[in-house]
Amino acid sequence: MIFVILILSAAATAFLFVLGQKNWLRRLSFVFAAIFLVSIVLIVANFNQHFGMEQENRTQTVNLVSSVDDQNVEALLYKPLGDGTEKTYLYATENMEKPKSAGSDHVKNHIDQHADQAQLTLTKTEWVYKNGFYRFLFGLSGNNHEFIKQENQFKLPPDWEVLSTE
C-alpha cells in the first residue's frame with residue numbers, strides 16, 4: 001500500500017502544483033509533497049532498519065534416526081566445508097528417504113552427546129510484521145518472514161558417532 005500512496009502523492013503533487021491556479025491548490029500540493037517524502041522515508045526505513053517488523057523465533061523438535069544405512073551403527077554425518085573449520089551436518093528422521101543437510105549459511109550447529117534420545121531442535125529467527133497495519137502498508141515488498149538465522153541443537157546419546165562423509 002505504501003507504493004500506491006507514493007505514486008498517488010507524487011501524481012497529486014505534480015498535478016496540483018502545475019495546474020493549480022489558486023493559492024489553496026498550491027498549498028495542497030505541498031501537503032501531497034510531504035506525504036510523498038514521508039512515504040519514501042518509511043520505505044527506506046522498512047528495507048534498511050526493518051521498520052514495522054519484529055524478530056520471531058520458531059522452534060521445532062524432531063526425533064533423529066541414524067544418517068547411515070548400516071543397522072549396527074547409530075551416527076550423525078557431517079561434511080567439512082572450506083578449510084574444515086565449518087561443517088554441514090546431514091541428519092535423518094523416520095519420515096525421510098535420505099538425509100537432509102542442516103545448512104551452513106547463517107546457521108549455527110551445536111552437538112550435545114549427553115542426551116537420552118537422539119533429537120534435533122531447530123530454532124529459526126525471521127523478521128515478521130508487528131501487526132496487520134504494517135502488513136497492509138508494506139505487504140507488497142515481500143519481506144515478511146525474512147530469514148535472519150537458524151540454530152540447530154543436536155542432542156545425541158553417548159553411543160552415537162559423529163562421522164565425516166570423507
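Buried residues have under 20% relative accessible area, exposed residues over 50%, and partly exposed residues lie in between (1.4 Å probe, protein chains only). The model is predicted: local features need pLDDT of at least 70 and side-chain atom pairs count only at pLDDT 80 or more, whereas totals for chains, interfaces and linings use all residues. Residues are numbered from 1 along each chain as its sequence is written, and side-chain values use heavy atoms, with hydrogens and water left out.

**View 1. The loop residue H145.** H145 sits in the loop that joins α3 to β7; helices (H or I, at least four residues) and strands (E, at least two) are DSSP runs, numbered from the N terminus. With a relative accessibility of 43%, H145 is classed as partly exposed. Its phi is near 60 degrees, a positive value in a residue other than glycine. Most residues other than glycine have a negative phi.

**View 2. The largest nonpolar core.** This core has 13 residues. A nonpolar core is a set of buried Ala, Val, Leu, Ile, Met, Phe, Trp, Tyr and Cys residues joined through side-chain atoms within 4.5 Å. The members with the most contacts inside the core are L64, L76, Y89, Y91, L120, F154 and L156. Strands β2 (75-81), β3 (86-91) and β6 (119-129) each give two or more residues to this core. Another core, of nine residues, lies apart from it and includes I2, L6, Y134 and F138.

**View 3. The surroundings of L64.** Contact means heavy atoms within 4.5 Å. Residues up to four places away in sequence are not counted, and L64 then touches Y91, A92, A118, Q119, L120, F154, L156 and W160. Of these, Y91, L120, F154 and L156 are also listed with L64 among the core residues that have the most contacts inside the core.

**View 4. The salt bridges of E126.** The structure holds two salt bridges, each a side-chain nitrogen of Lys or Arg within 4 Å of a carboxyl oxygen of Asp or Glu. E126 meets R58 at 3.0 Å, N to O. Since E126 belongs to strand β6 and R58 to strand β1 (residues 53-63), this pair ties together parts that are 68 residues apart in sequence. The side chain of E126 also meets that of K124, at 3.7 Å, N to O. E126 is buried, with a relative accessible area of 3%. R58 is partly exposed at 41%, and K124 is partly exposed at 29%.

**View 5. Q150 in strand β7.** Q150 is found in β7 (residues 146-155). Its relative accessibility is 16%, and Q150 counts as buried. With residues up to four places away in sequence left out, Q150 touches H106, V107, K108, L122, T123 and K124.

View 6. H106 lies in the loop between β4 (100-101) and β5 (107-112). It is exposed, at 52% relative accessible area. The phi of H106 is positive, near 60 degrees, in a residue other than glycine.

**View 7. Helix α2 and what covers it.** F30 places α2 at residues 23-49 in this view, as F30 lies in that helix. The expected span of a helix is 1.5 Å times one less than its number of residues. For the 27 residues of α2 this gives 39 Å, and the end C-alpha atoms are 39 Å apart, which agrees. L25, S29, S39, I43 and N46 of α2 are buried. Cover for the buried residues of α2 includes α1, β1, β6 and α3 (132-138). Just after α2, H50 takes a positive phi of about 55 degrees.

**View 8. A nonpolar surface patch.** F15, F17, V18, L19 and F30 make a patch of about 540 Å². Patch residues have over 30% relative accessible area and no salt bridge; nonpolar side chains (Val, Leu, Ile, Met, Phe, Trp, Tyr) are joined within 5 Å, like charges within 9 Å. Areas come from the Shrake-Rupley method with a 1.4 Å probe, and for residues only the protein chains shown count as cover. Helix α1 (residues 2-19) gives the largest share of the patch, four residues. F30 has 53% relative accessibility and counts as exposed.

**View 9. Y134 in helix α3.** Y134 lies in α3 and is buried, with a relative accessible area of 17%. Leaving aside neighbours within four places in sequence, Y134 is in contact with F51, G52, Y129 and G139. The C-alpha atoms of Y134 and M1 are separated by 9.6 Å, although the two residues are 133 residues apart along the chain.
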